[in-house]
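Welcome! Have a look at the model below, and then let us walk through it together, one part at a time.

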Amino acid sequence: PAPDSAAPAQAAAPTPKPKSKPAAPPRENALSDDPTPALQPETFFVTSKASERYARIADQGGWPTVGVPLKPGSKGAAVVNLRRRLAAEDDRVTNVAKPSWDADLAAAVKRFQYRMGLKQTGVVAGATLRELDIPAAVRFRQLASSAQRLAGVNFPFGARYIIVNIPSTAVEAVENDRVVRRYAAIVGDPDHHSPEVEAKVVAVNINPTWTVPVSIIKNEIAPKMLKDPGYLTRSHIRVLNAHGDEVDPRSVNWASERATHYTLRQDSGKNNSLGSIRLSMPNSYSVYMHDTPSRNLFANDYRFLSHGCVRVQGVVDLAAWVLDGDSGPTLDKAAITAKIASGEREDVKLTHPVPVIWVYMTGWASADGLVHFRDDVYGLDMIGGLAEQ
């Protein structure tokens, strides 16, 4: 019946308000603006020395726990505690007995946040409070474990090279010992680590196709195809047999081991998993750096989301840096963008390959002795036993 054809027996319940989506947590991480590369020829040595200093701090009882959020206007014993905690690592904090907040304390908090890769708010809360309360023994373990991982590295530091520090989820382009470009990155998740690898960027692939790794065919695509036979077609992924001939995906038995004998190749284009650019860097892990169609993920603080390759937020800019004439043909951002827009596949080979290294440093010291820390997301820091978390 029409709404007004009969009187309702009782008052209609009010229409519930649509639930507003919970606000995204505020971003706390910040991409460093430090011009000093995370990895330098002396990093192993200075990081080893820093680990000895932190071992002494831990052996002497460590530092106090802060425990509570603090900000301008805070007073009392908790502020004294914060000063003592900061002074354990920062020689510039000298007046540890002052119980009130001042500009010097805010500056010290900002210096701490800078070393942790956090936004320099000068306020102790959230991630800053968590980092402050990590014990000295854990910090020693991060430095000592990172130094041990660097011990076998024999990287050819040249005038130009690229560093990915996996725990920092950042990519650095280094020229003449200075970081000239730094980009947010998405790296391997805890089940699919990005490996520590040394290689050379030999080409920039524009509008690349993507050949799906066997592990992804087996663990992800085959189960999807059993539930949704149209998945590959919608994803613009072709199935090729051993002769390179295209096969109807519906003719493949996706429940069989033989499904992994086919080559699955995704067409280039805006939906391609590699995006519009791939930096080719041949290595035994078959990993590389590339673009992504899911660029919104760079806005997350947590960027351990890939299957092992490294997605680079400003990859067109990085490709233009690689192709600036020193390493290969000169192609600026506008030229690369125009080639992407054409939709044509093109492989631009470098005349002088650019060295690249992916490292896993959860703790490291710069040449000037400044110590930095990042979370051990992969759980690889084992030196010193299982220190108290």
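## Getting started

Helices (H or I, at least four residues) and strands (E, at least two) are DSSP runs, numbered from the N terminus. This is a predicted model, in which local features need pLDDT of at least 70 and side-chain atom pairs count only at pLDDT 80 or more, while totals for chains, interfaces and linings use all residues. Residues are numbered from 1 along each chain as its sequence is written, and side-chain values use heavy atoms, with hydrogens and water left out.

## The chain as a whole

The chain holds nine helices and 15 strands. Its C-alpha trace spans about 85 × 75 × 45 Å along the principal axes. Of the 389 residues in the chain, 46% are buried (buried means under 20% relative accessible area, exposed over 50%, and partly exposed in between, with a 1.4 Å probe and protein chains only).

Contact means heavy atoms within 4.5 Å. If you take the contacts between residues at least 6 apart in sequence, 68% of them join residues at least 24 apart.

## A stretch named in UniProt

An unreviewed UniProt entry lists residues 160–334 as "domain: L,D-TPase catalytic". UniProt positions are given here in the numbering of this model, feature names are shortened, and annotations may be inferred rather than shown by experiment. Over residues 160–334 the chain is 16% helix and 33% strand, and the end C-alpha atoms lie 22 Å apart.

Ala334 has its place in helix H9. Is Ala334 buried or exposed? With 55% relative accessibility, Ala334 counts as exposed.

## Helices H1 and H5

Now for some helix pairs. Axes are lines fitted to C-alpha atoms, for helices over the stretch in contact, and angles run from 0 to 180 degrees between N-to-C directions. Angles under 35 degrees count as roughly parallel, over 145 as roughly antiparallel, 65 to 115 as roughly perpendicular and the rest as oblique. The axes of helix H1 (residues 43–59) and helix H5 (residues 136–150) come within 8 Å and cross at roughly 155°. H1 and H5 are therefore roughly antiparallel to each other.

Their crossing is left-handed (a crossing is left-handed if the near helix is turned anticlockwise from the far one by less than a right angle, and right-handed if clockwise). Residues of H1 including Phe44, Tyr54 and Ile57 meet residues of H5, among them Phe140, Leu143 and Leu150. By class, the contact of H1 with H5 has 13 nonpolar, four polar and one charged residue (Ala, Val, Leu, Ile, Met, Phe, Trp, Tyr, Cys and Pro count as nonpolar, Asp, Glu, Lys and Arg as charged, and the others, Gly among them, as polar).

## Helices H2 and H3

Helix H2 (residues 77–87) and helix H3 (residues 103–116) have axes that come within 11 Å and cross at roughly 45°. That is why H2 and H3 are oblique to each other. H2 passes H3 in a left-handed crossing. On the H2 side the contact is made by Val79, Leu82, Arg83, Arg85 and Leu86, and on the H3 side by Leu105, Ala108, Val109 and Phe112. Sorted by class, the contact of H2 with H3 has seven nonpolar, no polar and two charged residues.

How many of the residues of H8 are buried? Eight of the eight are buried, so H8 is largely enclosed by the rest of the structure.

The axes of helix H8 (residues 315–322) and helix H9 (residues 333–342) come within 9 Å and cross at roughly 120°. That makes H8 oblique to H9. H8 passes H9 in a right-handed crossing. Val316, Asp317, Ala319 and Ala320 of H8 meet Lys333, Ile336, Thr337 and Ile340 of H9. This contact of H8 with H9 has five nonpolar, one polar and two charged residues.

## Two loop residues with positive phi

Most residues other than glycine have a negative phi. Thr169, in the loop between strand S1 (160–165) and strand S2 (170–175), has a positive phi near 45°. At 5% relative accessibility, Thr169 counts as buried.

Ser286 has a positive phi as well, near 55°. Ser286 lies in the loop between strand S9 (277–280) and strand S10 (289–290), and at 55% relative accessibility Ser286 counts as exposed.
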